[in-house]
Amino acid sequence: MLTDIQIAQAARLKPITDVAAELGLGADDIETYGRYKAKVRLEAIRAREPGRGRLVLVTGTNPTAAGEGKSTVSVGLADGLRRVGRRTVLCLRQPSLGPVFGVKGGATGGGYAQVVPMEDINLHFTGDFHAITTAHALLSALLDNHLHQGNALGLDVRRITWKRAVDMNDRALRSLVVGLGGAANGVPRQDGFMITAASEVMAILALALDREDLERRLGAIIVGYTADGAPVRAAQLGAPGAMTLLLKDAILPNLVQTLEGTPAFIHAGPFGNIAHGCNSLIATRAGLALGEVVVTEAGFGADLGAEKFFDIKCRAGGLEPGAAVVVTTIRALKMNGGAQKNALAQEDVTALRRGLPNLEKHVENVRKFGVPPVVALNRFATDTPAEIETLLEACREADVPVAVADVHARGGAGAIKLAELVLDTLDRGEARFTPLYPLELPLTAKIETIAREIYGADGVDYSPAAERELRRLEAIGLGGVPVCMAKTQYSLSDNPALLGRPTGFRITVREVTASAGAGFVVAQTGEIMTMPGLPKYPAAEKMRLAPDGTIEGLF
């Protein structure tokens, strides 16, 4: 069987100018990066707004080591919709280099449902991540230079909240000391790195409406506090103008294509467990302006990415999704039902039945926002007829439309039934999108609403530090913003070992931070970290460049 990269390398791609032309974009509307990649100018998008396209979110059950294939289904669905005659636009996040070289792999789909050129997208692409990393580094440099030059703003070095960033998994950078080596090298203080996907600059780029909004949001970043608790922002350091300059091209959405030639915007890449986990608002709005149906994805399960898509991204951009596809697999549900990874190829209807409540909860979560769900069973070759029928019957009992998606092996042809169900759902017009909570609620009430309604928790406990920070954020005017929960993706709870649909648990918020520029407050739960580490056997060890220039071992 061919690997993903072999399939991608064998594909015959259309010139990106032809892909753009399918959306009604001419040569003056795009900036090409070679033959198969382009950025779309903001003026071209603005000239075609407001869009009349209909928005479909792809989310899923809690991820497991068995794999769910949410990106793969997103690509296949977009191709399926195009096959049935709808002008479709796919909107996905850009992969982070850290997971690419670690264990997770890329985010371009798989098999015959991929976006291409996959090597470029999974590696440097158009340089957006590097620009974001550099803009983040500039603010770090300006901050430490301000301390070195006399600290006129009175920043308390013990209360600096702005860390550094790099787009690589590197646990050794989580905590360190900067400024050592004498007075000429700056002010010594404790510091650390986060991965670029967790940077507030990434979140800001993903939520900004245009360059002016980008600069305003960058200026609102809180880098730390004075001794009396007053926030110090990036604008006070003179940073937003130069940061915006570094991001002037990165803010333009990237246009590529699927293996079947469906137009795809790949833009921005915030993680779904430690950030809001959605592609850029600019790219989604571009899709709505240029296409009839827009398929977009949110990171991890409906408890994380979908909740943040609805409560953060849709608020910021005035989006009204018409349907949500909940992706699952027989293998993942069996793991949620207690089956071991090495036994997933064996038929086990009993374990599947035990795991079905996880799917049921995610379907319920989507419905809480007034968005009608459709279940997509991402088919694996090891799925048996009895297992498939068990899942289909459970969906019928729950009165939720369901289709088997065989997109990895068949591409868009394997998503025709799913595409038809999605179109039927959109045509019925039953969506009545409503965020989960009003912004007027106190921050604690928002956190507790998410924990009880979306996770199924009995309540929330706060560390003393989290309680103090919540009070401080309310006092400085950040009480009326959404909450971005940072939580393990593997469980509905904050304990990754609690699979299925756990009950009788509480969520612990151990740390709270302000993302004032992005426009939300981050509540960190459990042991979630903003800088991942590499596994024992990183994927990077198997990658190489062949003598003829071909990339090997990427996936």
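This is a predicted model: local features need pLDDT of at least 70, side-chain atom pairs count only at pLDDT 80 or more; totals for chains, interfaces and linings use all residues.
Q: How do you know that the length of helix H7 agrees with its number of residues?
A: Helix H7 covers residues 128-148, which is 21 residues. The expected span is 1.5 Å times one less than the number of residues. For H7 that should be 30 Å, and its end C-alpha atoms are 30 Å apart, so the two agree.

Q: What makes asparagine 151 count as buried?
A: Asparagine 151 has a relative accessible area of 19%. Buried means under 20%, exposed over 50% and partly exposed in between, with a 1.4 Å probe and protein chains only. Asparagine 151 is therefore buried. This residue lies in the loop between H7 and E7.

Q: Why is phenylalanine 125 called buried?
A: Its relative accessible area is 8%, so phenylalanine 125 is buried. It sits in the loop between H6 and H7. Phi is positive in phenylalanine 125 too, near 50°. Most residues other than glycine have a negative phi.

Q: Why does threonine 284 count as buried?
A: Threonine 284 has 0% relative accessibility, so it counts as buried. It belongs to helix H11, residues 281-290. Contact means heavy atoms within 4.5 Å. Leaving aside neighbours within four places in sequence, threonine 284 is in contact with Leu55, Cys91, Asn279, Thr296, Lys313 and Leu319.

Q: Which residues does leucine 391 contact beyond its neighbours within four places in sequence?
A: They are Thr328, Ile330, Leu333, Leu352, Leu356, Leu359, Leu377 and Val402.

Q: What is the omega of the cis peptide bond between glutamate 49 and proline 50?
A: Omega is about 0°. Proline 50 lies in the loop between helix H3 (42-46) and strand E3 (54-60).

Q: Which residue is joined to proline 117 by a cis peptide bond?
A: Valine 116 is, with omega about 5°. Proline 117 is in the loop between strand E6 (113-116) and helix H6 (118-122). Most peptide bonds are trans.

How values were computed
Residues are numbered from 1 along each chain as its sequence is written. Side-chain values use heavy atoms; hydrogens and water are left out. Helices (H or I, at least four residues) and strands (E, at least two) are DSSP runs, numbered from the N terminus.
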